[in-house]
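Let's take a walk through a protein model together. Have a look around first, and then we'll go through it piece by piece.

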Amino acid sequence: MKWYLFCDVFCKNGMKQGGVISPALFCIYIDKLLGQLRSSGFGCFIGEVFLGALAYADDIVLLAPTHRAMRNLLALSDRFADEYNVVFNAQKSKCLCITSRAKQSRLLSPLPRFTIGGNGIEFVDKWPHLGHIISSMHDNKVEILSKRNILCGQINNVLCYFGKRDPITKLSLLKAYCSSFYGSVWDLSHPSMDTLCAIWRKGLRRVWSLPHNTHSALLPLLCGLLPLIDELACRCATFINCCLYSDCEVGSFAARHGVYYSRMLSPIGRNSLFCC
């Protein structure tokens, strides 16, 4: 069981919204807080590597294995806010308790109350963060189904506006506008991946005006594309490889731990085995 807390931060003395240098300046400003959280001994660890506080731009994610550890991290954040004139926006902050379905019955009832800046933080079952939907069920289903719905809308838009174009043009537009799959590092063996791939295949059939029962094995040959699951596996393998050899200590260590030690217990480990 792990507690995830998403904090929204802003500085009272102001920071230019949308400025190119603003994220870098904010990182410098908030670096001392991250150092204090790391040296506190509270929060989540992989081995000896601290993963209890992850920061990007004006968002901070706190991760703790117990509610008591989370309270200690929040107390340190409050002290930093008082000292350095920073405000943590409790209304935009959310908390998730991440656990497996088998452990749902062991959740604390009622859930503990967390506060930041004297204001309570709302509990949610899922929350979008940096383009991903984090679910309290420790499952990619919500994220994958969300991407499936987005893909369906993108394909419909392309074929609606360019339906009278020739198939080659429509195929090029489909590849350009519907195949980004931002952040596609989900569990590739998840059953919901079949629904995502099915939407993509239906889109290809519509591009070529093929019957709906056209065998899926013919589509890659006709379109000159890999099957979607193979394309996602290639991207995932490239991502894992980049993480393994990254200069970022945290990213590299987490990837090595997942691939070489956790294996099937880690999403990265499962995907590495799937790609192999």
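How are H1 and H2 oriented to each other, roughly parallel or roughly antiparallel? Before we answer, a word on what you're looking at: this is a predicted model, where local features need pLDDT of at least 70, side-chain atom pairs count only at pLDDT 80 or more, and totals for chains, interfaces and linings use all residues. Residues are numbered from 1 along each chain as its sequence is written, and side-chain values use heavy atoms, with hydrogens and water left out.

Now for that pair. Helix H1 covers residues 22-40 and helix H2 covers residues 67-84; their axes come within 10 Å and cross at roughly 150°. Axes here are lines fitted to C-alpha atoms, for helices over the stretch in contact, and angles run from 0 to 180 degrees between N-to-C directions. H1 and H2 are therefore roughly antiparallel to each other. Angles under 35 degrees count as roughly parallel, over 145 as roughly antiparallel, 65 to 115 as roughly perpendicular and the rest as oblique.

Who touches whom? On the H1 side you'll find Tyr29, Ile30, Lys32, Leu33, Gln36, Leu37 and Ser40, and they meet Leu73, Leu76, Ser77, Phe80, Glu83 and Tyr84 in H2 (contact means heavy atoms within 4.5 Å). By class, this contact has eight nonpolar, three polar and two charged residues. Ala, Val, Leu, Ile, Met, Phe, Trp, Tyr, Cys and Pro count as nonpolar, Asp, Glu, Lys and Arg as charged, and the others, Gly among them, as polar.

Let's step back to the whole protein chain, which has nine helices and 11 strands. Both are DSSP runs numbered from the N terminus: helices are H or I with at least four residues, strands are E with at least two. Of the 276 residues in the protein chain, 37% are buried. Buried means under 20% relative accessible area, exposed over 50%, and partly exposed in between, with a 1.4 Å probe and protein chains only.

Next, the nonpolar cores: each is a set of buried Ala, Val, Leu, Ile, Met, Phe, Trp, Tyr and Cys residues joined through side-chain atoms within 4.5 Å. The largest has 31 residues, and those touching the most other members are Leu151, Ile155, Leu174, Leu196, Trp200, Leu204 and Leu232. Helices H3 (141-161), H4 (167-178), H5 (193-207), H6 (218-223), H7 (228-244) and H8 (249-262) each supply at least two residues of this core. Take Leu151: leaving aside residues up to four places away in sequence, Leu151 touches Cys178, Phe181, Leu196, Ile199 and Trp200. There's also a second, separate core of 24 residues, which includes Ala69, Leu73, Phe80 and Ile121.

Finally, follow the chain to H7 and H8, whose axes are 7 Å apart and pack at an angle of about 120°. H7 and H8 are therefore oblique to each other. Their contact is made by Ile240, Cys243 and Leu244 of H7 and by Gly251, Ser252, Ala255, Arg256, Val259 and Tyr260 of H8. In H8, the buried residues are Ser252, Ala255, Gly258, Val259 and Ser262, and they pack against H7 and helix H9 (267-275). Just after H8, Arg263 takes a positive phi of about 55°.
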